[in-house]
Amino acid sequence: MKQSLRAKRMAKHHRRNQAVPKLNLVSLMDIFTILVFFLLVNSSDVEVLTNDKSIKLPASIADTVPETTLVVMVNDENILVGGRPVTDIASIGEDPEIEPLLTELEYRASRRNITPEQQAKGLPITIMGDKAIPYTLLKQVMNTCAQAGYRDIALAVNKTADKRGEALEGAKQ
């Protein structure tokens, strides 16, 4: 049986409206590409030092970002170099240098290729000391680092808000 012209028009109209909509993936891929590059560029701005739960760092409003260096952690029980325990706090005497720490730092310095400029300035090191440790112990650790050739000493602190009350990043310095 033949369809009338009106029936043909109606059938054609219904077929047009039942077409499956297509998703344009080109613009979606552009957005994700831009997002990936943005995250890659901005992810290198933050440096996080591995923090031991037994160490509570003092607060600071300093803005300078430290370089990645060897880390000496000092808590109320022991001293760790690069995450490895070196000595107990109880076994440290009144000497200006801490012998086990000195031997470990000298060993690590001997494994590095030191340029003459680094030799003159001293190797860089970061000390993460608990805010409750005595100053005499911190002074002994710093003296031992200097004796081992690590004279470019940085102390790790928590970054807090500055005096104007502006909230700064919670990254560790």
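These legends describe an overview and several close-up views of one predicted protein model.

Local features are reported at pLDDT of at least 70 and side-chain atom pairs at pLDDT 80 or more, while totals for chains, interfaces and linings use all residues. Residues are numbered from 1 along each chain as its sequence is written, and side-chain values use heavy atoms, without hydrogens or water.

View 1. Helices (H or I, at least four residues) and strands (E, at least two) are DSSP runs, numbered from the N terminus. Their pattern along the sequence is α-α-β-β-β-β-α-α-β-α-β-β. Of the 173 residues, 28% are buried. Buried means under 20% relative accessible area, exposed over 50%, and partly exposed in between (1.4 Å probe, protein chains only). The accessible surface comes to about 12,700 Å². Carbon and sulfur atoms hold 57% of that surface. Areas come from the Shrake-Rupley method with a 1.4 Å probe; for residues, only the protein chains shown count as cover.

**View 2. Five strands form an open sheet with mixed pairing.** The strand order is E4-E3-E2-E5-E6. Strand E4 (84-88) and strand E6 (152-155) are the edge strands, each pairing on one side only. The twist averages 25 degrees from one strand to the next. Two strands pair if DSSP finds at least two bridges between them. E3 and E4 are antiparallel, with four bridges. Isoleucine 79 has threonine 87 in E4 as its bridge partner.

**View 3. Strand E5 is largely enclosed by the rest of the structure, as six of its six residues are buried.** Pro124, Thr126 and Met128 point one way from E5. Ile125, Ile127 and Gly129 point the other way. E5 pairs in the parallel sense with E2 over five bridges, and with E6, also in the parallel sense, over four bridges. Isoleucine 125 in E5 stands opposite leucine 70. Isoleucine 125 also stands opposite isoleucine 153 in E6. Helix H5 (residues 135-147) lies across strand E2 (70-74), E3, strand E5 (124-129) and E6. H5 runs at about 165 degrees to E5. Axes are lines fitted to C-alpha atoms, for helices over the stretch in contact, and angles run from 0 to 180 degrees between N-to-C directions.

**View 4. Asparagine 78 sits in strand E3 (residues 78-81).** Asparagine 78 is buried, at 17% relative accessible area. Beyond residues up to four places away in sequence, asparagine 78 touches Met73, Pro85, Thr87, Asp88 and Ile89. Contact means heavy atoms within 4.5 Å.

**View 5. Salt bridges join Arg84, Glu104 and Arg108 into one network.** A salt bridge is a side-chain nitrogen of Lys or Arg within 4 Å of a carboxyl oxygen of Asp or Glu. Arginine 84 and glutamate 104 have their closest N and O atoms 2.8 Å apart. Arginine 84 lies in strand E4 and glutamate 104 in helix H3 (residues 99-110), so this pair ties together parts 20 residues apart in sequence. Glutamate 104 also bridges to arginine 108, again with closest N and O atoms 2.8 Å apart. Glutamate 104 and arginine 108 are four residues apart in H3, about one turn of the helix. Glutamate 104 is buried at 10%. Arginine 84 is partly exposed at 45%, and arginine 108 is partly exposed at 25%.

**View 6. Lysine 121 forms a salt bridge with aspartate 152.** Their closest N and O atoms are 3.6 Å apart. Lysine 121 is exposed, at 56% relative accessible area. Aspartate 152 is partly exposed, at 29%.
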